[in-house]
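Reader: I would like to go through the terms used for this model. Please set each value against its cut-off.

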Amino acid sequence: MEEKKERIVRTPEYPLLTLNGIVVFPHVVLHFEMTDPRSIHAVEHALESERLVFLTGRDTDGELFRTGVVARVKQVVRSSESTMRVMLNGVYRAKLVRTRDNDDYTSAVVKRFPEKKETPEDTEITGLMRTLKALFADYASKSPSMSGDFVKAVLTNENPYEVFENIAVGIPMDLKKRQQLLEANGLSDKLMMLITTLNEEIAVLGYESDIRERVHSQIASNQREYFLREQMKAISRELGEYDEAAEGDEYVDKIKALSLSEEYEEKLLKEADRLAQYGPGSPESGVIKTYLDTVLDLPWHTSTKEINDIKHTAKILDDDHYGLKKVKERILETIAVKQLAPETKGQIICLYGPPGVGKTSIAKSIARSLGRNYTRVSLGGVRDESDIRGHRKTYIGAMPGRIIAALLETKANNPLILLDEIDKMSHDFRGDPSSALLEVLDSEQNTNFRDHYIDLPFDLSNVMFITTANDISVIDPPLRDRMEIIELSSYTREEKFHIAKEHLIPKQLEKHGMKASQLRINNTAVYELIDYYTREAGVRELERVIASLCRKAAKIIVEGTAARVSISGKDVKTYLGNRKYIEDFSAKQDSVGVVNGLAWTSAGGTIMPLEVLVNEGHGNVTATGSLGEVMQESSRLAVSFVRSIADEYGIEKTFYMSKDIHIHAPEGATPKDGPSAGVTMTTALVSALTGIPVHSSVAMTGEITLHGKVLPIGGLREKTMAAYKEGIKTVIIPKGNRPDLDEIEDSVKENIRFVFADEMKDVLDTALAGKPQEKPPVRVGFTS
């Protein structure tokens with residue numbers, strides 16, 4: 001069909017109209033309503049000139065399509081000041097060269113995009129037309145919404161251009177395909193693309209027809225089932241029997257409301273059908289009811305709204321707990337990742353450390369800060385796999401495992417579950433519970449956790465698991481590998497002080513019904529309790545002694561002896577009796593053969609002086625004070641190293657044969673072991689053999705090698721706090737421990753000078769209170 005010729009300038013520029021979800025073809029009439037002010041102004045400018053506009057759409061990225069249609073404005077109706085209805089008629093296809101923003105509308109510079117020359121009578125075109133009309137007739141027969149008059153008009157039309165445009169506009173098609181039809185160059189290409197699209201649409205209509213038939217069949221089946229069940233109910237009512245069928249129907253409704261997969265829904269429906277078949281006195285009826293109630297109570301699709309506010313979470317964690325920086329930082333990182341990647345799952349953290357440092361209580365605070373429901377599962381003493389996975393429902397008294405029970409308790413599928421004392425599990429002939437936990441704590445597998453009792457997969461990937469342990473070395477390696485381990489070390493003296501002032505004392509005052517104005521425990525009293533009435537890694541015993549003070553103060557107030565009680569450090573003895581623990585033994589003055597060492601215990605750091613005494617003898621080395629095997633090896637290593645530096649420090653080279661050496665660590669009833677006393681033993685031995693005193697204001701820790709290298713050690717934070725408490729001014733530590741200073745309290749770093757030792761000479765130069773007398777070298781040979 002020949003296009004009507006328009007007067008076109010070399011580079012015409014027309015007002016631009018952007019269409020949303022519409023593609024216009026040449027020679028097609030289009031009606032639509034506009035409310036956009038710039039589009040309305042564009043039409044008004046077109047009316048003032050040639051009445052032509054350029055129509056194009058946008059892709060999914062919001063970019064303008066480069067191919068569009070120049071259309072003529074046929075009719076305009078202003079229904080209101082802000083609304084305009086227009087009728088446009090496509091004229092010819094054009095390509096967008098560039099756009100220009102005017103004051104109140106956008107214009108487009110375009111160039112004509114003519115079709116490739118083809119003869120409509122061509123044999124290929126004729127074949128394509130016949131195929132297209134046949135497919136369109138098949139499509140129209142399957143599409144109930146297609147107008148008969150429209151179909152007849154298309155099938156009787158012999159103009160291929162008009163047939164193409166009518167079908168392209170009349171059948172449903174996405175925007176991308178319509179745009180491709182507009183951009184296709186040549187009638188044969190357009191017809192071929194339209195044939196492909198029609199084939200796809202016919203296949204979709206076939207699928208829709210099949211789906212409608214299946215739905216109709218299912219509805220008929222459901223109606224039949226409903227009718228039969230109603231008859232069974234009527235019969236049961238006439239016979240006066242217990243209406244088990246009605247109860248079964250209630251279960252059926254609840255099961256369908258769960259929206260489980262077809263396979264699992266069918267399994268539960270079979271259980272409901274079995275229930276309807278049993279009488280009220282049947283034991284099996286009770287078993288089925290318990291099972292169905294348990295499954296229906298599970299939070300399959302119920303979750304709590306999680307709080308992903310870092311500042312809110314940080315405030316709650318800081319309000320509830322002092323210190324514990326690593327744990328808090330890890331939780332805040334979790335929230336940050338959750339904000340950037342909401343689908344992130346699989347958060348399994350293990351908090352390990354000595355008792356009483358707040359592992360369990362921090363988990364509860366984490367749940368509160370994240371807005372998750374919380375429950376605690378105690379694993380201490382669990383030795384049966386069924387405790388984790390549950391028992392099969394065929395057994396009498398069967399019940400779900402602890403994980404499913406925890407979900408039933410929290411009533412949400414995204415709670416925080418604390419698996420407490422995971423290192424206290426054991427195993428016997430009934431199975432290994434730690435193996436059952438492998439699936440629970442594996443974020444790649446727990447999306448389909450299957451409890452033996454429920455026997456349906458449940459998604460645990462939304463659950464945040466936190467485990468606690470005192471000793472991770474006894475946890476099975478495969479289980480330990482599935483958890484991110486965060487160590488909670490023992491509290492330092494300063495941390496215990498802040499915890500007592502900010503948390504324990506206010507908590508105990510409230511618990512004992514007193515106000516802060518009625519009982520005042522001042523700072524010296526708190527330090528007295530920490531130093532001489534408790535000796536622990538955590539703060540449980542400290543809380544107990546504070547509670548004891550509160551009880552005694554309450555008695556005084558109730559008796560009327562005093563309206564307010566104030567307790568200072570010197571008053572603690574009056575209320576709690578004599579001190580339970582003595583001060584750490586340490587060297588108070590410069591002494592020969594006595595060195596202040598530093599040791600780590602489960603209750604924190606401590607001063608551990610070492611004494612060396614050298615007597616005339618036959619080269620015997622004795623180590624006393626309940627020293628372990630490693631410390632005894634360190635004593636022998638110290639002797640060998642001192643032999644190698646004997647000349648440098650004026651020591652008799654045969655001392656190891658002519659002297660008896662006795663090494664002793666006070667508090668002999670307390671077992672001691674570890675390599676970190678190596679530098680202490682060596683320094684004490686050099687002092688004893690040279691007669692040079694050791695500075696009493698110096699303490700040290702570090703392992704040594706046979707050649708005198710000083711190696712890094714652990715527990716530096718606790719050891720340095722013990723030195724600070726004892727008034728030590730200089731602490732010698734291995735050079736390799738320099739990065740660990742970041743974890744040391746600021747008050748310690750401000751009051752202690754740290755010496756970083758790379759080899760034993762650095763230690764001796766700092767610790768000895770005098771210079772060694774070197775022996776002159778022995779000349780061998782003749783002199784002139």
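This is a predicted model: local features need pLDDT of at least 70, side-chain atom pairs count only at pLDDT 80 or more; totals for chains, interfaces and linings use all residues.

Reader: What makes Arg 376 and Asp 420 a salt bridge?

Author: The closest N and O atoms of Arg 376 and Asp 420 are 2.8 Å apart. The rule asks for a side-chain nitrogen of Lys or Arg within 4 Å of a carboxyl oxygen of Asp or Glu. The pair therefore qualifies. Arg 376 lies in strand E8 (residues 374–378) and Asp 420 in strand E9 (residues 416–420), so the bridge ties together parts that are 44 residues apart in sequence. Strands (E, at least two residues) and helices (H or I, at least four) are DSSP runs, numbered from the N terminus.

Reader: Which label does Arg 376 get, and why?

Author: Arg 376 counts as partly exposed, because its relative accessibility is 44%.

Reader: How many salt bridges does this rule give?

Author: The count comes to 28. One of them joins Glu 13 and Arg 100, at 2.7 Å from N to O. This pair links distant parts of the chain: Glu 13 is in strand E1 (residues 13–19), Arg 100 in strand E5 (residues 83–101), and 87 residues separate them. Glu 13 is partly exposed at 33%. Arg 100 is partly exposed at 42%.

Reader: Where do Glu 541 and Arg 544 lie?

Author: Both are in helix H19 (residues 540–559), three residues apart, about one turn of the helix.

Reader: Why is H10 called roughly antiparallel to H12?

Author: The axes of helix H10 (residues 310–320) and helix H12 (residues 359–370) cross at roughly 150 degrees and come within 9 Å. That angle makes H10 roughly antiparallel to H12. Angles over 145 degrees count as roughly antiparallel, under 35 as roughly parallel, 65 to 115 as roughly perpendicular, and the rest as oblique. Axes are lines fitted to C-alpha atoms, for helices over the stretch in contact, and angles run from 0 to 180 degrees between N-to-C directions.

Reader: Which residues make the contact?

Author: Among them are Ile 316 and Leu 317 of H10, and Ile 362 and Ile 366 of H12. Contact means heavy atoms within 4.5 Å.

Reader: What makes Thr 83 buried?

Author: Its relative accessible area is 11%, so Thr 83 falls under the 20% limit. Thr 83 is found in strand E5. Its side chain and that of Ser 80 are joined by a polar contact of 3.1 Å. A polar contact is a pair of N or O atoms within 3.5 Å; within protein, one must be able to donate a hydrogen and the other to accept it, and residues adjacent in sequence count only if both atoms are side-chain atoms.

Reader: Is Asn 596 buried or exposed?

Author: Asn 596 is buried, because its relative accessible area is 1%. Its place is in strand E16 (residues 594–601). The side chain of Asn 596 reaches the backbone oxygen of Ser 696 at 3.0 Å.

Definitions and conventions:
Residues are numbered from 1 along each chain as its sequence is written. Side-chain values use heavy atoms; hydrogens and water are left out. Buried means under 20% relative accessible area, exposed over 50%, partly exposed in between (1.4 Å probe, protein chains only).
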